Amino acid sequence: MTSKIAPANGKILIAPSILSADLFRLGEEVKRVENAGADWLHVDIMDGHFVPNLSFGPAIVSSLNGKTALPLDVHLMVEHPEQFLEPFARAGADLLTVHAEAGNNVSDVLKQIHSLGVKAGVSIKPDTAPEVLSGVLGQVDLILVMSVYPGFGGQSFLPQSPARIRQVRELINSSGRNIWLEVDGGINAETAPLVLQAGADVLVAGSAIFSAGDPVQALYQIKQAAPHS
Ligand code: DX5
Ligand code: ZN
């Protein structure tokens, strides 16, 4: 298995989250954002335990695999992520992000992800101190800072997020490694500049794109916030 995700390279990327897509027309929705210049596709996996909501399983990743050229960025909001890494890797995930709060030894989980030939990310919820990431900076390909409490699309961006993103950007810079800094939750044309200024380089957007009257225009407006994308 080979990942389509390159190491962080200073580019600004947009990753539409299909959580807010019209699932009856998923293929069409994905093609539309792909043609409009999306960079990755963000797939939110929720287990009803780690977060108070349920979403998708590996089958949705299989159904996207090979049908889109976009790398599949899979965000695991689940307890015991180690149980699900292989099924998601086999289904075609290019990047698997687990939560620092999921209760296991994150370093071991990240090793397991890499052994499956997939890029590895770690995410922190809004109340988790960025310092918890210090021990895994040598291992991760991506850090995902949640700018809402995970579980649902369509929530408002938390105002404390830019300061947290800055802290994570400093940690990444101090590591000297090429690590993507992704932000997820409440991203739209107004909040995108705030997180970009704070040092984010991958923007997840669900409702701002898929619930908009014109998703292509909405994606374009978020891209406009990024000066060199
Ligand atoms: C929330 C998910 C997000 C969600 C973002 O728990 O991790 O990826 O789809 O949705 P918006 O962009 O609507 O906040
Ligand atoms: Zn997500």
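Which strands does helix H8 (residues 215-224) lie across? I opened the predicted model with that in mind, and found H8 lying across E1 and strand E8 (202-205), with its direction at about 150° to E1.

**H8, burial.** I looked up which of its residues are buried and got Pro-215, Ala-218, Leu-219, Ile-222 and Lys-223. Looking down the axis of H8, I see these buried residues fall within an arc of 140°, so they line one face of the helix.

**H8, partners.** Next I checked what the buried residues pack against: E1 and E8, plus helix H1 (26-35), helix H6 (192-197) and helix H7 (207-210).

**H8, start.** Here I noted Asp-214, with a side-chain oxygen within 3.1 Å of the backbone nitrogen of Val-216.

**The sheet.** Then I traced the strands. There are eight in an open sheet, paired in parallel, and I wrote the order down as E1-E8-E7-E6-E5-E4-E3-E2. Strand E1 (13-16) and strand E2 (41-46) sit at the edges, each pairing on one side only. Neighbouring strands are turned by 25° against each other on average, ignoring direction.

**E6 and E7.** I picked one pair to look at: strand E6 (residues 142-146) runs parallel to strand E7 (residues 180-184), and five bridges join them. Ile-143 stands opposite Leu-181 of E7.

**H4.** Last, I turned to helix H4 (residues 106-115), which packs on the sheet and touches strand E4 (95-99) and strand E5 (119-124). I noted its direction at about 150° to that of E5.

Technical notes:
Residues numbered from 1 in each chain as written. Chains lettered and ligands numbered in written order. Predicted model: local features only at pLDDT ≥ 70, side-chain atom pairs only at ≥ 80, totals over all residues. Heavy atoms only, no water. Pairing = 2+ DSSP bridges. Helix = DSSP H or I, 4+ residues; strand = E, 2+ residues; numbered from the N terminus. Axes fitted to C-alpha atoms, helices over the stretch in contact; angles between N-to-C directions. Contact = heavy atoms within 4.5 Å. Buried < 20%, exposed > 50% of the residue type's maximum accessible area, 1.4 Å probe, protein only. Arc of directions from axis to C-beta. Polar contact = N/O pair within 3.5 Å; in protein donor to acceptor, adjacent residues only side chain to side chain.
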